[in-house]
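User: I would like to go through the labels given to this model and see what each of them rests on.

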Amino acid sequence: QSSDPAIEELLEKVLQVKEWRPANKKGKRVYDDEAFVKSLQEQYSRRKSLSPRQLAALKRVAKVYKDQIPGYTDALAE
């Protein structure tokens, strides 16, 4: 299975974020953007793909940190 260079590039760019929002607990769930992005990156390195829902979630997280991501608009345009 071949990898998608656009997803790889987006993951690399999002992982350059230095200041993440603090983890947020809602009920039993903990929302931690940094842990989420790292888990997507680990899955992508194993399977070379993300589901459409995972990709959409990654793009939503990237949008939150767009000020910290160099070339954000270029990566998202693809």
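User: Which residues are exposed on the other side of α3?

Analyst: This is a predicted model, in which local features need pLDDT of at least 70 and side-chain atom pairs count only at pLDDT 80 or more, while totals for chains, interfaces and linings use all residues. Residues are numbered from 1 along each chain as its sequence is written, and side-chain values use heavy atoms, with hydrogens and water left out. On that side of α3, Pro52, Arg53, Arg60 and Lys63 are exposed, where exposed means over 50% relative accessible area, buried under 20% and partly exposed in between (1.4 Å probe, protein chains only).

User: What puts the buried residues of α3 on the same side?

Analyst: The buried residues of α3 are Gln54, Ala57, Leu58, Val61 and Ala62. They cover an arc of only 140° around the axis, so they lie on the same side of α3; the arc is that of the directions from the helix axis to the C-beta atoms.

User: Why is the contact between Arg21 and Asp33 called a salt bridge?

Analyst: The term requires a side-chain nitrogen of Lys or Arg within 4 Å of a carboxyl oxygen of Asp or Glu, and the side chains of Arg21 and Asp33 meet at 2.8 Å, N to O. Because Arg21 lies in the loop between α1 and β1 and Asp33 in helix α2, the pair ties together parts that are twelve residues apart in sequence.

User: Why is Asp33 called buried, and why is Arg21 called partly exposed?

Analyst: Asp33 is buried because its relative accessible area is 11%, whereas Arg21, with 45%, is partly exposed.

Notes:
Helix = DSSP H or I, 4+ residues; strand = E, 2+ residues; numbered from the N terminus.
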